[in-house]
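This report walks through the pockets, charged pairs and nonpolar core of one protein model, and then turns to a few individual residues. Please keep the sequence and the structure in view while reading.

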Amino acid sequence: MEEKILELLKSVKNPFTEMDIVSEGLLSKISVEENRVRIYLAFARNTPPGPVSSALAWPVQAKIVKEIVETLEKNGIANLEILDDTTLQRYYPGDD
């Protein structure tokens, strides 16, 4: 299952760089446990510190998360949770 998800995520592009998130190193981990899929992204590690950088990065990150969700759900992969790999901030909640 992780390999299928990895291949699907290679089609998700960072709108700022036009690189896919796998090649760019934004995807750090895929975890599949029972029926829950957790995607860990390296957003915090790749955003310079400071409020201006965070404000500029947020729309790009939101677009990436939206595209991840659409890509995976379109391919029958549901019950997603998307988190930052450093802060564990949840960008997209799974069903609790």
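## Pockets

The lining of the second largest pocket draws its largest share, four residues, from helix 3. The model is a predicted one, in which local features need pLDDT of at least 70 and side-chain atom pairs count only at pLDDT 80 or more, while totals for chains, interfaces and linings use all residues. Residues are numbered from 1 along each chain as its sequence is written, and side-chain values use heavy atoms, with hydrogens and water left out.

Helices (H or I, at least four residues) and strands (E, at least two) are DSSP runs, numbered from the N terminus. A pocket is an open set of points on a 1 Å grid over the protein atoms alone, where a 1.4 Å probe fits, with protein on both sides within 12 Å along at least five of seven lines, and its lining residues have an atom within 4 Å of a point. The volume is the space filled by probe spheres set on the points, which are joined across faces, edges and corners.

The second largest pocket has a volume of about 160 Å³. It is lined by 13 residues, of which Thr47, Ser54, Gln61, Gln89 and Tyr91 are the closest to its centre. Its lining comprises seven nonpolar, five polar and one charged residues, where Ala, Val, Leu, Ile, Met, Phe, Trp, Tyr, Cys and Pro count as nonpolar, Asp, Glu, Lys and Arg as charged, and the others, Gly among them, as polar.

The largest pocket has a volume of about 300 Å³, and 16 residues line it, with Phe16, Asn46, Thr47, Ala57 and Val60 nearest its centre. Helix 3 (residues 51-74) again provides the largest share of the lining, here six residues. By class, this lining divides into nine nonpolar, six polar and one charged.

## Salt bridges

Side chains of opposite charge can pair when their charged atoms come close. Seven salt bridges are found in a search of the whole structure, each being a side-chain nitrogen of Lys or Arg within 4 Å of a carboxyl oxygen of Asp or Glu. Three of these pairs are set out below.

| Pair | N to O distance |
|---|---|
| Glutamate 81 and arginine 38 | 2.7 Å |
| Aspartate 85 and arginine 45 | 2.4 Å |
| Lysine 66 and glutamate 70 | 4.0 Å |

Glutamate 81 and arginine 38 form a salt bridge, and because glutamate 81 lies in strand 3 (residues 80-84) and arginine 38 in strand 2 (residues 36-41), the pair ties together parts that are 43 residues apart in sequence. Glutamate 81 is buried, at a relative accessible area of 4%; buried means under 20%, exposed over 50% and partly exposed in between, with a 1.4 Å probe and protein chains only.

Aspartate 85 also pairs with arginine 45 in a salt bridge. Aspartate 85 lies in the loop between strand 3 and strand 4 (90-92), and arginine 45 in the loop between strand 2 and helix 3, so this pair ties together parts that are 40 residues apart in sequence. Aspartate 85 is partly exposed, at 23% relative accessibility, whereas arginine 45 is exposed, with a relative accessible area of 53%.

Lysine 66 and glutamate 70 are four residues apart in helix 3, and so are separated by about one helical turn. Lysine 66 is exposed at 53%, and glutamate 70 is partly exposed at 46%. Salt bridges that share partners also join Glu33, Arg36, Arg38, Glu81 and Arg90 into one network.

## Nonpolar core

A nonpolar core is a set of buried Ala, Val, Leu, Ile, Met, Phe, Trp, Tyr and Cys residues joined through side-chain atoms within 4.5 Å. The largest one has 21 residues, and Leu9, Ile39, Leu41, Ile68 and Leu72 have the most contacts inside it. Helix 1 (2-9), strand 1 (27-33), strand 2, helix 3 and strand 3 are the elements that give two or more residues to this core, and its largest share, five residues, comes from helix 3.

## Positive phi

Most residues other than glycine have a negative phi. Glutamate 34, in the loop between strand 1 and strand 2, has a positive phi of about 50° and is exposed at 83% relative accessibility.
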